Amino acid sequence: MASKPRRPEEGTTIILKRRKGGHHDDHHGGAWKIAFADFMTAMMALFLVLWLINVTSEEQKKGIANYFNPIAMDTNSASDGALAGQEVSKDGAETGDVKSGQKAEQDAGETERTAEKPKTPDQIAEEERKRAEAQAEQDLLESAQKEIQERISASIDLKLLAENLIIENTEEGLRIQITDKGKVSMFAVGSAKMNEQGAKLVGIIGDAIRNLSNRVSITGHTDGLAFSRADGYGNWELSSERANAARRGLTTAGVAEARLARVEGVADRSHLFPDEPDDPRNRRVSITILRKGALRN
């Protein structure tokens, strides 16, 4: 038979001792997870920095550095931030200006749309008409050039002066230049009076172009030698008066005054041989049969 527990006597102190349950060692806790998470965050930040270094230019690196510099940031506006208005391109390897990139894309799109848009029959017909007119005009200019050269070659008294003749096709039109060469000249030294040979040569040119509808430009030139008289008359006046003398020769040959677009003297400002300003060939009169639309005023 089991014995009954003894009841404490009155006045006796009862002490209760609690024992904790079993516990695991410290290494079985979760503190290591926090440390590992911090390590992974640091590694991600490192790789992000390495990627940014690889895809940004030196200018952008300076901008990023200034972004974290309080002193530098005080001097930058909102548009001058870390990337200073630039963006990373789609491939992540190059950078470019945002506005410039947008503008380039817009231009590319417009060019593509223009290229794809077919020409209308009216546009094609207009282009063909302009080409035909240009070719017809070129044929007339070449015909005038051939006539001038043939008539001068057939003239015995113009043989020497013909060697000074330069005829060339330019974007502006058919340019005929009569230059000086030693003692062979259209004008006497310092004079705006055309000699007999010069007058005959200008007459041949005028006769060859009088039936054309193209406008005509005449320009007088001098060499680089200083020329002046006591009354102040110099190369500007001389070149202008020689151009005007050529104008009178053309109108006498039948070229209408209304076709004269420009008569001017430029003194020594436009040499035929810039490296040899004193070359006598720089003294010349240029007569240009202008292409249509070459000179509109």
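Q: Over the ring of which residue does the charged end of R229 sit?
A: Let's start with a side-chain detail of this predicted model. The charged end of R229 lies 3.9 Å from the centre of the ring in question, which belongs to Y233.

Q: How far is the charged end of R281 from the centre of the ring of F273?
A: Here is another arginine placed over an aromatic ring, with R281 above F273. The distance from the charged end of R281 to the centre of that ring is 4.1 Å.

Q: How many aromatic pairs does the structure hold?
A: Rings of Phe, Tyr and Trp pair if their centres lie within 6.5 Å. By that test, the number of aromatic pairs in the structure is zero.

Q: Why is α7 described as oblique to α8?
A: Helix α7 spans residues 196-209 and helix α8 spans residues 235-252, with their axes 8 Å apart. They pack at an angle of about 50°. Angles of 65 to 115 degrees count as roughly perpendicular and those under 35 as roughly parallel, so α7 relative to α8 is oblique.

Q: Which residues of α8 do V202, I205 and G206 in α7 meet?
A: The residues of this contact divide into four nonpolar, two polar and no charged. On the α8 side, the partners are A246, G249 and L250.

Q: How many charged residues does the contact of α5 with α7 have?
A: The axes of α5 (residues 121-153) and α7 come within 9 Å and cross at roughly 145°. Residues making the contact include E147 and R151 of α5 and D207 of α7. Alongside eight nonpolar and no polar residues, the charged ones number three.

Key: Residues numbered from 1 in each chain as written. Predicted model: local features only at pLDDT ≥ 70, side-chain atom pairs only at ≥ 80, totals over all residues. Heavy atoms only, no water. Axes fitted to C-alpha atoms, helices over the stretch in contact; angles between N-to-C directions. Helix = DSSP H or I, 4+ residues; strand = E, 2+ residues; numbered from the N terminus. Parallel < 35°, antiparallel > 145°, perpendicular 65-115°, else oblique. Contact = heavy atoms within 4.5 Å. Nonpolar A, V, L, I, M, F, W, Y, C, P; charged D, E, K, R; others polar. Phe/Tyr/Trp six-rings, centres within 6.5 Å; stacked < 30°, edge-to-face > 60°. Lys NZ or Arg CZ within 6 Å of the ring centre and 35° of its normal.
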